[in-house]
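Open the model in your viewer and keep the sequence panel beside it. Each stop on this tour tells you what to select and what to look for.

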Amino acid sequence: MPVWLSDHEYATLRAACAQMLPSGEGTPGAEEAGVADYIDGFLGAFTFDPPRIWAGGPSSGRKGGVAGFATFHRLSPLDELAWRMRLEGSQGKPEREFNGPVVGLQERYRDGLVALGADFTEVEGREQRRRLRDDEAFCELLWGHCCEGMYGAPEYGGNRNTVGWDYIDYEGDVQPRGYSDAEVSQP
Amino acid sequence: MSPSAIIIGSGPGGATAAEVLTRAGWNVVIMEKGRNHLLDPDDLTRPAEDYSNDEIKFISRYFLGPDPLVEPRAFRLSADDGEHTHVGEVNSIPTTVGGGGTHADGKVPRFREEDFGLFSTYGPQEGAAVDDWPLEYDELEPYYAEVERAIGVSGREGANPFAAWRSGPYPMPPGAPMYGAVLSSAAAEKVGLHPYEAPTAANSIAYDGRPACNNCGFCAFFGCPIHAKGDPVALLTRAMATGRAELMAETYVSRIITQGRRATGVEFIDRDGVTHTREADMVIVAGGAIETPRLLLLSGLDHPALGKYLMVHFQTIVVGHFADMRLHPHKGRSVTHVHDDAMVQDDRTRQAAVGAGLPWFRGGLVEHSGGGLPIMEARHSPWGRLHAQTMRESNLRERMWAFIMQGEDLAYATNTVDLSPSIRDARGYPVARVTYQPGHHEMAASKYHGKILQSVLEEMGAEWVIHTSSPGVSYHGIGASPIPESRHVMGTVRMGDNPDTSVVDRWGRVHVLDNVVVADSSVFVTSSGYGPTLTLVALAARAAHHLAGTAPEAPAAG
């Protein structure tokens, strides 16, 4: 159940993410990592309290210590202004347009997903990739978020069960354990 | 009654001033426009637990600020570009309690003797304002020694054959060398260079109530989750423990209020947007080399040198690829080895400078470092069928080693910080506009030393090597951004004895305002090629001791 996108938009996003990060035999992709959920959760960050912008600290609990990542930081009034501008856009509100109108990520995603076509989930992969490449700006935006959803901390909704990190033999956050001096200095 | 000071900015300079003054019995208010993620809000004498190993939070989402949507800057290469060519991130240093100290990986070299006398040592350069500082290394050494103990610096005395003299050893031994740095140091020695363990403000052993670094790898651009990095958390917690410091986070100073030759206090805006004023005997400005001149301009200070001579280390970036090695640069403290050879003149360097049409040139400290983290690597990898394989092979993260030379940037009158005519921050104030481009000196030094660094990576076994720079320049042909990546920003509120050509005196005091002192890297006369932090901290300690009439602490006996 998507947090912010409509069911149809979410399905289109999922299909687009799966083209960018395809799954294979023994190879996790966007589907396994929940990359579309990461992006949907980011777009709908303000549907949570506190908003899901910054995971907490100092550790996730995966390598010992407290599971602090799960508690998101509260935003200051200035933080909230910045993140509402980034996600929602300025929407004609004077307090968000001190340097002119701002197009938010929600609008960019809505427009980008529409441009991929209502039948995007039904056409074959080659055609999906062609449509993605046709919209260079949206493709670049989506790719950046796909990378975050594949290789970011799982508390943000992607990299489910750390599949992204595991596949590339990366341990992710390592506090409070860290690395020994020998692990640092030797091959 | 104890004297009082308002300190604007809680980064390394402001924190140092607060620590020295409160120790001397002053009452200080530290006003920081960013949020407090450094100190425990329930007990400001203890570190907070907000930092984490989180690439999304620190790299993608501006956790340490500034957020360029609400606190942008404007940029242009020169006045010929019109009002600006870019609005957004420009040389952003964290806007948060602890300032630039929070995100730095803590390399804190001292300057050398000649760095304070560039004009006397080397002479002029056409088009540049090469000058001597109004103080010498010998005068600053006791303050270097005091702040190294205060923040906790690890290093090995005698490791760097070119280092300036020291009155004592480093407070801690060096930490574990990174595997890639072991290899690149060996290769550098074969080429005739002199690598050594980087002086680093990260604990190699438990020190001052903070734990030893556990090598988590989230060092450069991240706050330290266990506070093994001492700058400036050590200084701020110590100042708070005196009971004579008040920390006001999310407090935006909009103006220094002046009357004749004196400041009476400041006007500030609180987190809810309400404007207040506060008085003090002394105002200390420590906002960094971009925000400090901006505030002085917003306060109506008028001086022909204010905002001029912005310097940003010219970064020469030489990257090698090692197909058969996994260098795991994510383990360790980002940079454990450096070398100074590009700061030292020899016959070949002098000939190269003359060949480039210059009387002399200097490079800078060379950092031995590796690749980035997975999100960064993924962004630079292709999407689609080949992506997973590319990431698993990890050519950018695991198989790359690099040198970054922080090249000396000469002071040019045309490189400036002023107020943008049209761009505002969220509170409605004009943002800083940076006008900057490197000169012939920086590019010639980069070309020459870049080739030497290429030869080191080849000696190390690199399959291929590329050489680029930040800011990008046309001869590399790679299209790197003309906006400098360096966070080493200096100059703009130049220090000197002549009030006509400098904004502050040798103690950091504004020539025309008797009780306003600048305590950050904006007072630098030249940039050297060493990271500015320890020098700005030593200068801030010196300025604060001068105000308080105290002397730097001698090391404990034994």
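A helix here is a DSSP run of H or I at least four residues long, and helices are numbered from the N terminus. Keep in mind that this is a predicted model.

**Stop 1: one residue in a helix**

Select B:Leu457. This residue lies in helix 11 of chain B. Now show its contacts. Leaving out residues up to four places away in sequence, B:Leu457 touches B:Val318, B:Gly320, B:Trp401, B:Ala462 and B:Val465. Then pick B:Ala543, which is 86 residues from B:Leu457 along the chain. Their C-alpha atoms are separated by 43 Å.

**Stop 2: helix 11 meets helix 5**

Stay with chain B. Select residues 440–460 for helix 11 and residues 179–190 for helix 5. At what angle do these two helices of chain B cross? Roughly 115°, and their axes come within 8 Å. The crossing of helix 5 and helix 11 of chain B is right-handed. From helix 5 of chain B, colour B:Leu183, B:Ser184, B:Ala187, B:Ala188 and B:Lys190. From helix 11 of chain B, colour B:Val456, B:Glu459 and B:Met460. Together they make the contact. By class, this contact has 5 nonpolar, 1 polar and 2 charged residues.

**Stop 3: another helix pair**

Next, select residues 12–23 and 233–241 of chain B, which are helix 1 and helix 6. They pack at an angle of about 35°, with axes 8 Å apart. Here the crossing of helix 1 and helix 6 of chain B is left-handed. Helix 1 of chain B brings B:Ala15, B:Thr16, B:Ala18, B:Glu19 and B:Thr22. Helix 6 of chain B meets them with B:Leu235, B:Leu236, B:Arg238 and B:Ala239. The contact of helix 1 with helix 6 of chain B divides into 5 nonpolar, 2 polar and 2 charged residues.

**Stop 4: strands**

Show chain B as a cartoon. Find the open sheet of 3 strands in the order 9-10-11, paired antiparallel. Which strands stand at the edges? They are strand 9 (252–259) and strand 11 (275–279) of chain B. Each has a single partner strand, so one side of each is left without a neighbour in the sheet. From one strand to the next, the twist averages 25°. Zoom in on strand 10 (residues 262–269) of chain B, which is joined to strand 11 of chain B by 5 bridges. There, B:Ile269 stands opposite B:Thr275.

Now jump to residues 39–40 and 43–47 of chain B, strands 3 and 4. These two strands of chain B form a hairpin with 2 residues between them. They pair antiparallel over 2 bridges. Look for B:Leu39 opposite B:Pro47.

**Stop 5: across to chain A**

Show both chains. In this contact, 48 residues of chain A touch 49 residues of chain B. On chain A, helix 4 (77–88), helix 7 (136–151) and helix 9 (181–185) each supply at least two residues of that side. The chain A side divides into 28 nonpolar, 14 polar and 6 charged residues.

Finish on helix 4 of chain A. Its buried residues include A:Leu78, A:Trp83 and A:Leu87. Helix 3 (35–43) and helix 5 (105–115) of chain A are among what covers the buried residues.

Terms used:
Residues are numbered from 1 along each chain as its sequence is written. Chains are lettered from A and ligands numbered from 1 in the order in which they are written. This is a predicted model: local features need pLDDT of at least 70, side-chain atom pairs count only at pLDDT 80 or more; totals for chains, interfaces and linings use all residues. Axes are lines fitted to C-alpha atoms, for helices over the stretch in contact, and angles run from 0 to 180 degrees between N-to-C directions. A crossing is left-handed if the near helix is turned anticlockwise from the far one by less than a right angle, and right-handed if clockwise. Two residues are in contact if their C-beta atoms, placed from the backbone, lie within 7 Å. Ala, Val, Leu, Ile, Met, Phe, Trp, Tyr, Cys and Pro count as nonpolar, Asp, Glu, Lys and Arg as charged, and the others, Gly among them, as polar. Two strands pair if DSSP finds at least two bridges between them. A residue is buried if 20 or more other C-beta atoms lie within 10 Å of its own, exposed if 12 or fewer, and partly exposed in between; C-beta atoms are placed from the backbone.
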